[in-house]
Amino acid sequence: MKKPLNLLNSQFIRYIITGGITTGINYVIFILLTVCGLHYLTANSFAWVGAVIFAFYANRNMVFHSDGNVGKELIQFVSVRLLTLLAENILLFVMIEWMGFLQIFSKVGVSIITVILNYIACKYSIFKERGVSHE
């Protein structure tokens, strides 16, 4: 008999909660740096660093409960996140420079895309054991 789904202990719900905190960290750094006069792409890249540091530990320990090789997972995590940073900066540039959207609205739109891509990457390629994440 299958045990009932406990939503609070659901991997996806934990990812949403830690992702919300990660996004908050990202936005606070981004906003503070842009208010201080940094170019939005530079501010976004610094915000990415802060968010990735938190996200790695949160995803590894609280979401996916990984006991894999920390160094290997960190390299994979940062590598995948570098790809999403590149995509995010390109999308920000297009939305702000070519389409004329405000920086913060562009940041929100781009964040939705990167959150989905990051979850898929974490679940199926980084924090896994023999092809399946630890849940």
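**Entry 1: the cavity**

I started with the largest cavity, which holds about 270 Å³ of space. The model is a predicted one, where local features need pLDDT of at least 70, side-chain atom pairs count only at pLDDT 80 or more, and totals for chains, interfaces and linings use all residues. I kept in mind that residues are numbered from 1 along each chain as its sequence is written, and that side-chain values use heavy atoms, with hydrogens and water left out.

My working rule for a cavity: on a 1 Å grid over the protein atoms alone, a set of points where a 1.4 Å probe fits but cannot get out, with lining residues having an atom within 4 Å of a point. Grid points are joined across faces, edges and corners, and the volume is the space filled by probe spheres set on the points. With that rule I get 1 cavity of 30 Å³ or more.

The top contributor is α1, with 7 residues.

I then sorted the lining by class: 7 residues are nonpolar, 10 polar and 3 charged. For the classes, Ala, Val, Leu, Ile, Met, Phe, Trp, Tyr, Cys and Pro count as nonpolar, Asp, Glu, Lys and Arg as charged, and the others, Gly among them, as polar.

**Entry 2: fold and helix α1**

I checked the overall make-up and found 4 helices and 0 strands. Of the 135 residues, 37% count as buried (under 20% relative accessible area; exposed is over 50%, partly exposed in between, with a 1.4 Å probe and protein chains only).

α1 has 25 residues and reaches 35 Å from its first C-alpha to its last, close to the 36 Å expected at 1.5 Å a residue (the expected span is 1.5 Å times one less than the number of residues). Its buried residues include R14, Y15, T22, N26 and F30. Just after α1, I saw that G37 takes a positive phi of about 100 degrees.

After α2 comes H65, with a positive phi near 45 degrees.

I looked up how α2 and α3 pack: the angle is about 145 degrees and the axes are 10 Å apart (axes are lines fitted to C-alpha atoms over the stretch in contact, and angles run from 0 to 180 degrees between N-to-C directions). The residues of this contact divide into 15 nonpolar, 4 polar and 5 charged.

S111 lies in helix α4. Buried or exposed? I have S111 as buried, because its relative accessibility is 10%. Its C-alpha is 9.8 Å from that of N26, 85 residues apart along the chain.

L74 is in helix α3. I put L74 down as partly exposed, because its relative accessible area is 34%. The C-alpha atoms of L74 and F56 are separated by 7.1 Å, with the two 18 residues apart along the chain.

L102 sits in the loop between α3 and α4. L102 counts as exposed because its relative accessibility is 55%.

How values were computed
1 Å grid on protein atoms, 1.4 Å probe; cavity = no way out; pocket = protein on both sides within 12 Å on 5 of 7 lines; lining within 4 Å. Helix = DSSP H or I, 4+ residues; strand = E, 2+ residues; numbered from the N terminus.
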